[in-house]
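Subject: Structure handover

Hello,

Here is the structure for your files. My notes on it follow below.

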Amino acid sequence: MQSLQPDPKARYRSVYQALQTIVRTEGLLRPLRGLNITVLGAGPAHALYFACYERVKRTLSDIIQNGQNSHVANGVAGSVATVLHDAVMNPAEVIKQRMQMYNSPYRGLWDCILVVSRKEGLAAFYRSYSTQLTMNIPFQAVHFMTYELMQERLNPERQYRPGSHILSGAAAGAVSAAVTTPLDVCKTLLNTQENSVLSSVQVSGHLSGMANAFRTVYRLGGLPAFFKGVQARVIYQMPSTAIAWSVYEFFKYFLTQQQPRHLHRHGRRREPELEGGSGPT
């Protein structure tokens, strides 16, 4: 849906119509294409992401608010964590989006990696890294600030409450996805390097840089083009962030409950138990 000059057979009016058409014309499993590379990248990327977030948030909260919750600390911690997360996920995102384009020429994951690296070099996997950071740093800053703000309202005791984590995650995903859609459209253009788009704006070689991407998107579709796919993006991010936060908070609660028991069994001094929830561990 974010394609600026899609094939006539790939023009969609809505999310439902797009999904229906893709399944009917390209097969039931077509919407899952690119899942393998996403799974491979998501594990290490999110491990770095949450570990960095908790560490930086704890340090800044101690400095700014004497250990109390700080929206500034949450936003900065989310931004720093994004730099590490995107260093892992950017190549995965390039491969995923190229495989997902209509009439993608790639037979599979390894074919895509080999063809892109041979024709465009390894730099192709990081061509949109600066753009990804430009998009994801404000995305994650809004995301974490919204999540923590919702937790203050729904779960002020910061205990493990699955319902509050799901609702807070969904709200954080929806708000951050909507406000950063223009940047996501530009990132998609840089990742996919659509031939029809490059030809129409007379670009030889490869399009690079956020400024060039912004100019190209505006030239081809005006302001509405920056919000292509916003509905799909919000619908995707709400359950995605709700699941991510609820799973993360569950394991955080589970592991912090298990650790004191383990220390106690081995005769070591038992530390005070931490509450589960979104506070630092």
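L183, V185, C186, L189 and L190 in α7 meet M210, A213, F214, T216 and V217 in α9, where contact means heavy atoms within 4.5 Å. Helices here are DSSP runs (H or I, at least four residues), as strands are (E, at least two), and the numbering starts at the N terminus. By class, this contact of α7 with α9 has nine nonpolar residues, one polar and no charged. The classes are as follows: Ala, Val, Leu, Ile, Met, Phe, Trp, Tyr, Cys and Pro are nonpolar, Asp, Glu, Lys and Arg are charged, and the others, Gly among them, are polar.

Before the rest, the conventions. This is a predicted model, in which local features need pLDDT of at least 70 and side-chain atom pairs count only at pLDDT 80 or more, while totals for chains, interfaces and linings use all residues. Residues are numbered from 1 along each chain as its sequence is written, and side-chain values use heavy atoms, with hydrogens and water left out.

Back to the first pair. Helix α7 (residues 181-192) and helix α9 (residues 210-221) pack at about 100°, and their axes are 9 Å apart. The axes are lines fitted to C-alpha atoms, for helices over the stretch in contact, and the angles run from 0 to 180 degrees between N-to-C directions. The two helices are therefore roughly perpendicular to each other (65 to 115 degrees; under 35 is roughly parallel, over 145 roughly antiparallel, and the rest oblique).

On the α5 side the contact includes F139, V142, H143 and T146, and on the α6 side it includes S164, H165, L167 and S168. Its residues divide into 10 nonpolar, eight polar and no charged.

Y49, Y53 and K57 of α2 make the contact with Q140, H143, F144 and E148 of α5. By class there are three nonpolar, two polar and two charged residues.

S104 sits between α3 (71-100) and α4 (109-120) and, at 15% relative accessibility, counts as buried. Leaving aside neighbours within four places in sequence, S104 is in contact with R30, R33, R98 and M99. K228 lies in the loop between α9 and α10 (230-265); at 27% relative accessibility, K228 counts as partly exposed. The cut-offs are under 20% relative accessible area for buried, over 50% for exposed, and partly exposed in between (1.4 Å probe, protein chains only). K228 touches M1, Q2, S3, L4, T181 and V185, not counting residues up to four places away in sequence. K228 and S3 are 225 residues apart in sequence, with 8.1 Å between their C-alpha atoms.

For the chain as a whole, the secondary structure comes to 10 helices and zero strands. Of the 281 residues, 46% count as buried. Among contacts with a separation of 6 or more, 72% are between residues 24 or more positions apart.

Regards
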